[in-house]
Amino acid sequence: MVIGIIVAVIVIFGAMLISSYNSFVNLDENVDQSYAQIENQLQRRLDLIPNLVNTVKGFASHEKEVIGSISDARARLAGAKTPQEQATANGELSGALSRLLVVVENYPDLKANQQFTQLMDELAGTENRISVARKDYNDQVAEFNKKVKRFPGSVIAGMTGFHEKEYFKADPRASEAPKVDFGGNE
């Protein structure tokens with residue numbers, strides 16, 4: 001009878017351990033899947049930007065500084081490896097694109113250009129997708145991290161090698177409006 005109770009306790013504990021481990025695996029995979037969506041949308045943005053820049057170059061060839069800053073920020077985003085590096089590079093690229101929009105205001109023919117309009121619509125859609133993907137990723141990270149921190153998950157996570165995940169945080173400079181100066185008189 002005592003042996004039966006001990007075996008039952010071991011079986012129940014083992015089942016709980018396996019269930020908890022599988023839950024960690026599922027949550028970990030959800031985080032990875034959500035992160036892949038961020039990367040997917042960032043890549044879409046990176047693919048659109050050269051077309052946008054080339055279109056603007058045709059109209060505003062003397063705006064080399066703004067175009068150069070977009071190209072540089074795009075390269076940094078393409079080379080970013082961690083969520084934080086990507087968030088920082090994403091913030092730089094967003095600022096550069098904001099400055100581009102100010103430049104575009106000075107070129108009514110460019111704003112009326114069908115190719116430019118289509119590219120801007122695509123880019124706006126991509127920005128929305130990036131925002132949603134970042135939120136989904138951070139939601140998955142929050143769920144995973146809660147399980148890692150809570151008891152008994154913290155014990156099982158420690159035993160099985162699961163650790164907290166990093167959130168996709170905005171670059172601290174993202175809260176500042178981009179400053180654009182064309183050397184005009186005010």
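Buried residues (under 20% relative accessible area; exposed is over 50%, partly exposed in between, with a 1.4 Å probe and protein chains only) make up 33% of the 186 residues in the protein. This is a predicted model, in which local features need pLDDT of at least 70 and side-chain atom pairs count only at pLDDT 80 or more, while totals for chains, interfaces and linings use all residues. Residues are numbered from 1 along each chain as its sequence is written, and side-chain values use heavy atoms, leaving out hydrogens and water.

Colour by secondary structure. There are six helices and zero strands, where helices (H or I, at least four residues) and strands (E, at least two) are DSSP runs numbered from the N terminus.

Select helix α1, residues 2-59, and find valine 9 in it. Valine 9 is exposed, at 51% relative accessible area.

Next, show helix α6, residues 153-160, whose axis is 10 Å from that of α1, at an angle of about 75°. α1 is therefore roughly perpendicular to α6. Axes are lines fitted to C-alpha atoms, for helices over the stretch in contact, and angles run from 0 to 180 degrees between N-to-C directions. Under 35 degrees counts as roughly parallel, over 145 as roughly antiparallel, 65 to 115 as roughly perpendicular and the rest as oblique. At the contact (heavy atoms within 4.5 Å), residues of α1 including Tyr21 and Phe24 meet residues of α6, among them Ile156 and Met159.

Now turn to the six salt bridges, each a side-chain nitrogen of Lys or Arg within 4 Å of a carboxyl oxygen of Asp or Glu. Select glutamate 122 and arginine 44, whose closest N and O atoms are 2.5 Å apart. Glutamate 122 is in helix α5 (residues 114-149) and arginine 44 in α1, so this pair ties together parts 78 residues apart in sequence.

Move to arginine 45 and glutamate 127, bridged at 2.6 Å, N to O. This pair also links α1 to α5, 82 residues apart. Arginine 45 is buried, at 0% relative accessibility, whereas glutamate 127 is partly exposed at 26%.

Finish with aspartate 139 and lysine 135, a salt bridge of 2.6 Å within α5, four residues apart, about one turn of the helix.
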